[in-house]
Amino acid sequence: MSSSKPETDALTLLRAIFDLGDADMKVSIDLLARLGGHSKERAVSLLAQLRRAKLVQLKGLGLTMVGLATAVALPEFEPCSEPARRPGLRAA
């Protein structure tokens, strides 16, 4: 994967950041991970892709101007219906 082109999951999180901010909700990595159905580590990795592409600010979870323009062009975010699986947990 090229460092300048984030993968689809990263762009989905970009739109989630935009939608959460638009709804005046505080954006956190934990919230993004839960809504996207990702582990926290995966969400951090996706955010790193967005930062390398200069779509998310280096500090915090704010969008850059390029990130804002990109996010607006993406389809609305749809939260994942299944939570991310946590290692070591199993169904009863």
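Let's start where two helices meet: Asp9, Ala10, Leu11, Leu13, Leu14 and Ile17 of helix 1 touch Arg42, Ala43, Leu46, Leu47, Gln49 and Leu50 of helix 3, where contact means heavy atoms within 4.5 Å. Helices here are DSSP runs of H or I with at least four residues, strands are runs of E with at least two, and both are numbered from the N terminus. By class, this contact of helix 1 with helix 3 has nine nonpolar, one polar and two charged residues. For these classes, Ala, Val, Leu, Ile, Met, Phe, Trp, Tyr, Cys and Pro count as nonpolar, Asp, Glu, Lys and Arg as charged, and the others, Gly among them, as polar.

A word on the model before going on. This is a predicted model, in which local features need pLDDT of at least 70 and side-chain atom pairs count only at pLDDT 80 or more, while totals for chains, interfaces and linings use all residues. Residues are numbered from 1 along each chain as its sequence is written, and side-chain values use heavy atoms, with hydrogens and water left out.

Stepping back, the protein has four helices and zero strands, so its elements read α-α-α-α from the N terminus on. Of its 92 residues, 30% count as buried; buried means under 20% relative accessible area, exposed over 50%, and partly exposed in between, with a 1.4 Å probe and protein chains only. Among contacts between residues at least 6 apart in sequence, 62% join residues at least 24 apart.

Back to the helix pair we began with. The axes of helix 1 and helix 3 lie 9 Å apart, at an angle of about 85°; axes are lines fitted to C-alpha atoms, for helices over the stretch in contact, and angles run from 0 to 180 degrees between N-to-C directions. Helix 1 and helix 3 are therefore roughly perpendicular, a label for angles of 65 to 115 degrees, whereas under 35 is roughly parallel, over 145 roughly antiparallel and the rest oblique.

Helix 1 has another partner in helix 4 (residues 65-73), and these two axes come within 9 Å and cross at roughly 100°. Helix 1 and helix 4 are therefore also roughly perpendicular to each other. Leu11, Leu14, Arg15 and Phe18 of helix 1 make this contact with Gly67, Leu68, Thr70, Ala71 and Val72 of helix 4. Arginine 15, a residue of helix 1, counts as buried because its relative accessibility is 9%. Beyond its neighbours within four places in sequence, arginine 15 is in contact with Ala71, Val72, Leu74, Pro75, Glu76 and Phe77.

Now for the interior. In soluble globular proteins, nonpolar side chains tend to be buried together. Here the largest nonpolar core has 22 residues, of which Leu14, Ile17, Leu32 and Leu50 touch the most other members. Such a core is a set of buried Ala, Val, Leu, Ile, Met, Phe, Trp, Tyr and Cys residues joined through side-chain atoms within 4.5 Å. Helix 1 (8-22), helix 2 (29-36) and helix 3 (40-52) each give two or more residues to this core, and the largest share, six residues, comes from helix 1. Leaving aside neighbours within four places in sequence, leucine 50 is in contact with Pro6, Ala10, Leu11, Leu13, Leu14, Leu55 and Val56.

Finally, look at the loops. Aspartate 24, between helix 1 and helix 2, has a positive phi of about 55° although it is not a glycine. Lysine 54, in the loop between helix 3 and helix 4, is also not a glycine and has a positive phi of about 60°.
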